[in-house]
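This briefing goes through one structure by topic. The sequence and the structure come first, and the notes follow.

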Amino acid sequence: MKKTGAEIFVESLKQEGVDVLFGIPGGVVLKIFDVLHQQKDVEVILTRHEQGAAHMAEGYAKATGKAGVCLVTSGPGMTNIVTGLADAFMDSVPLVAFTGQVSTNLIGNDAFQEADNVGISRPCTKHNVLVKDVNDLARTIKEAFYIATTGRPGPVLVDIPKDVSTDKAEFKYPDKVSLRGYNPTIEGNKHQIKQAAEEIMKAKKPVIYVGGGALFSDAADELLEMAELTQIPVTMTLMGLGSFPGTHPLSMGMLGMHGSYWSNMAMHHADLLIAVGARFDDRVTGKLSEFSPVARVVHIDIDPTSIKKNVHAHIPIVGDVRSVLKQLNVLLRSLDGNANERKQQLKPWLGQIEEWKRGHPFKYEQDDKVIKPQYVLEKLFEITKNEGIVATDVGQHQMWAAQYFKGKKPRTFITSGGLGTMGFGFPAALGAQRAYPDKLVMCITSEGSFQMNLQELATAAVYKLPVKIVMLNNGFHGMVRQWQDLFYEGRYASSDLGKIPDFIKLGEAYGIPGWRAEKPAEVESVIREGLKYKGPAILDFQIYPFENCYPMIPAGGPHHEMVLEDPPDLRSGAKKKPIEEKEGELPA
Amino acid sequence: MEHIISVLVENKFGVLARVAGLFSARGYNIESLSVAPTLDPETSLITIVTVGDDRIVEQIIKQLNKVVEVLKVIDLTEASHLDRETALIKINTNTKPEHRDEAVRICDIFRAKIVDSSPTTYTLEITGDTDKVEALINLLRPLGIKELVRTGRIAIAREAAKVTTRHNSQQPKA
Ligand SMILES: Cc1ncc(C[n+]2csc(CCOP(=O)(O)OP(=O)(O)O)c2C)c(N)n1
């Protein structure tokens with residue numbers, strides 16, 4: 001029996017094991033929403049903005065490793081997801097976005113709510129297709145999921161004209177995909193892996209530098225094995241956090257612009273870098289000409305375009321990180337599996353790193369009058385015992401979260417790294433919460449970012465998604481203010497937001513309760529109250545507005561020239577700035 | 001330096017835009033472009049000439065390889081190859097009648113053909129490598145060129161089996 005395009009769409013999603021999609025209806029996708037409405041297998045989460053839908057799908061995908069799905073209408077529905085597509089493209093998130101399109105006979109006519117969806121999304125998708133014939137729909141959907149989730153994952157957009165959703169065709173879901181031009185390489189080249197193993201056993205100052213690629217390929221076990229086998233210290237990019245336990249003695253935490261002093265120093269002095277699913281982003285390398293000046297580089301990545309793009313690789317290995325590490329570990333075990341001997345060999349190096357760490361740990365000045373953001377995160381980390389999932393927005397709070405939430409497991413630290421999208425965190429947290437209804441999901445955010453997608457409070461309330469919104473409220477675009485303090489003589493051009501709105505009252509309007517802390521002594525009880533509550537909740541921490549995030553490599557600077565604290569003149573400058581808070585709340 | 005890149009693609013709409021977008025996204029100009037179906041009507045061959053930094057061109061070639069509808073990419077610059085283009089040149093023979101004879105003489109030397117003539121114009125066709133086409137254009141310039149149309153270059157490797165460049169030998173897809 002023939003089925004309509006809309007029925008084929010829904011059947012195809014079921015075949016792909018999709019249990020939820022995020023979206024908003026509109027004229028050209030009404031038929032599809034109508035069919036979705038009449039079944040139970042695929043839940044539809046109605047968001048309040050399409051950008052929210054795209055980020056929720058991303059959050060779902062980042063938490064599960066499965067493709068996230070969103071469905072929006074033509075024209076403005078589609079243009080509203082562009083940020084989500086670009087974000088997913090930068091961070092290699094498997095996302096399948098379905099957009100409605102005007103009927104095929106109207107395409108190109110400037111019809112009502114027409115946009116060139118395929119044209120607009122071309123540079124920010126891994127692949128995209130306009131389906132012109134209902135007979136191609138099932139195959140196209142199958143291919144979309146395959147492309148989104150294999151190789152280097154990424155967003156795929158499928159554009160479905162209205163008549164394609166109403167036309168009928170015989171439904172047969174293909175069981176295999178055959179695309180002549182798409183065959184991701186999985187196995188690494190044996191010869192190169194052998195060379196890498198030899199280099200690794202020879203190195204005296206090696207560092208394992210891990211990016212998001214290790215997470216997509218589920219290589220945490222293999223990574224741990226390699227590090228322990230070789231006793232090589234591990235540093236992670238923002239996207240790589242969680243791939244290696246942050247509390248492990250070999251973990252150096254995050255590197256890069258706001259990374260740990262010791263990991264950046266180790267990168268600078270290393271004689272061998274083993275880059276694992278990382279892409280030498282400029283926020284990581286700092287000044288390229290002075291990046292890791294003496295190191296030889298082994299670069300493992302599934303995407304050949306990542307290799308030798310910014311940094312020369314002496315031993316490039318194209319392949320799936322997990323499969324390459326597996327092969328590598330076999331060799332490492334046979335070459336010299338003796339951890340104790342290795343420990344001896346690397347003792348001076350590990351000792352040096354320990355010294356750097358002791359000299360310059362993450363630190364902040366605790367205060368009993370004003371709340372320090374680091375203190376809130378330390379307490380939160382302590383109280384939640386490293387259980388649960390954290391999604392962050394973008395800014396200072398994101399960097400502090402990366403520094404202070406140490407013990408991350410894979411897929412529990414969700415953040416917008418490549419695009420740095422403010423407004424990502426809250427919808428992403430909702431997507432993750434939908435994937436794991438029983439886990440604790442926290443959105444670490446600040447008032448600037450949160451206001452970019454706060455309309456999703458309604459989604460949280462309606463679908464009872466119990467995300468805890470941890471607001472480090474400083475009344476500023478804090479990260480912008482920090483740069484203005486450091487590089488623009490403290491002129492706060494358009495970075496002062498005022499502590500507006502009152503988020504507790506805002507939450508009330510949505511039926512979401514909130515707790516506020518204004519003094520350090522209140523922090524712990526607000527955390528405990530908020531976490532105890534069963535539904536979504538807002539935890540509003542009124543933090544010291546002039547706290548800066550350190551260490552910091554000024555943009556374009558080299559790794560060994562980190563700024564570790566406020567320069568003395570700035571320190572006094574910040575204190576002198578007028579602060580409207582009540583007297584006595586802030587240091588004189 | 002100059003690169004001649006052959007890109008074998010699936011013959012579908014939107015593919016050319018994706019290919020061209022990889023150049024424009026990096027601020028790179030395409031000097032010339034030619035596209036036509038191959039023996040297999042389901043595939044097309046795109047020949048692109050671009051000038052640029054080797055490192056960036058290498059990056060573009062890797063990116064081209066990642067496009068789902070791209071089947072094969074070869075940087076012919078690194079292999080022994082032949083390249084040709086065709087130009088149609090319309091010259092003005094109105095001002096001085098002796099220009100008609102001069103045009104015929106130049107045509108002979110270059111083995112170009114006069115493919116159309118009117119009382120006031122000649123249209124010449126030439127096929128050759130870029131040097132030859134440009135030399136002809138330069139010689140005809142004083143006669144008065146009214147219109148000039150060039151196809152852009154197409155190129156082929158001399159010995160197909162030997163075209164393994166550093167780009168396509170170690171560049172699987174992702
Ligand atoms: C969509 C978007 N617009 C602008 C920026 C530039 N930007 C980066 S950080 C930042 C300030 C973030 O402020 P907030 O969310 O309050 O976080 P805080 O730094 O105060 O912790 C801005 C404006 C961005 N990253 N994303």
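**Backbone geometry**

Arg411(A) sits in the loop between α17 and β16 (413–414) of chain A. In this predicted model, Arg411(A) has a positive phi of about 60 degrees although it is not a glycine. With a relative accessible area of 17%, Arg411(A) is buried, because buried means under 20%.

- Asp218(A) is another residue other than glycine with a positive phi, near 55 degrees.
- The loop that holds Asp218(A) runs between α10 (213–216) and α11 (220–230) of chain A.
- Asp218(A) has 45% relative accessibility and so counts as partly exposed.
- The peptide bond from Ile500(A) to Pro501(A) is cis, with omega near 0 degrees.
- Pro501(A) belongs to the loop between α21 and α22 (503–509) of chain A.
- Tyr550(A) and Pro551(A) are also joined by a cis peptide bond, with omega about 0 degrees.
- Pro551(A) is in the loop between β20 (537–542) and α24 (568–576) of chain A.

**Ligand surroundings**

- The ligand is surrounded by 17 residues, and the closest are Gln396(A), His397(A), Ser449(A), Gly478(A) and Met479(A).
- The shell around the ligand consists of 6 nonpolar, 10 polar and 1 charged residues.
- Three helices of chain A, α17 (396–404), α19 (447–450) and α21 (478–487), each supply at least two residues of that shell.
- Gln396(A) places a backbone N or O atom 2.8 Å from an oxygen atom of the ligand.
- A polar side-chain atom of Ser446(A) is 3.0 Å from an oxygen atom of the ligand.
- Met422(A) has a backbone N or O atom 3.4 Å from a nitrogen atom of the ligand.
- On its own the ligand has 590 Å² of accessible area, of which the protein covers 75%.

- Strand β5 (residues 95–101) of chain A is mostly covered, with 7 of its 7 residues buried.
- β5(A) pairs with strand β4 (residues 68–72) of chain A in the parallel sense over 5 bridges.
- In this part of the sheet, Val72(A) stands opposite Thr99(A) in β5(A).
- β5(A) also runs parallel to strand β7 (residues 155–161) of chain A, and 7 bridges join the two.
- Ala97(A) stands opposite Leu157(A) in β7(A).

**Salt bridges**

- The count over all chains is 36 salt bridges.
- Asp282(A) and Arg283(A) meet through their side chains in a salt bridge, at 3.6 Å from N to O.
- Asp282(A) is exposed, with a relative accessible area of 51%, whereas Arg283(A) is partly exposed at 42%.
- A salt bridge also links the side chains of Lys532(A) and Glu529(A), at 3.7 Å from N to O.
- Lys532(A) and Glu529(A) are 3 residues apart in helix α23 (residues 520–532) of chain A, so about one helical turn separates them.
- Lys532(A) is exposed at 59% relative accessibility, and Glu529(A) is partly exposed at 33%.
- In chain B, the side chains of Glu10(B) and Lys12(B) form a salt bridge of 3.7 Å, N to O.
- Glu10(B) is buried, with a relative accessible area of 14%.
- Lys379(A), Glu382(A), Glu524(A) and Arg528(A) are joined into one network by salt bridges that share partners.

Notes
Residues numbered from 1 in each chain as written. Chains lettered and ligands numbered in written order. Predicted model: local features only at pLDDT ≥ 70, side-chain atom pairs only at ≥ 80, totals over all residues. Heavy atoms only, no water. Near = heavy atom within 4 Å. Polar contact = N/O pair within 3.5 Å; in protein donor to acceptor, adjacent residues only side chain to side chain. Areas by Shrake-Rupley, 256 points an atom, 1.4 Å probe, with all protein chains shown as cover. Helix = DSSP H or I, 4+ residues; strand = E, 2+ residues; numbered from the N terminus. Nonpolar A, V, L, I, M, F, W, Y, C, P; charged D, E, K, R; others polar. Buried < 20%, exposed > 50% of the residue type's maximum accessible area, 1.4 Å probe, protein only. Pairing = 2+ DSSP bridges. Salt bridge = Lys/Arg side-chain N within 4 Å of Asp/Glu carboxyl O.
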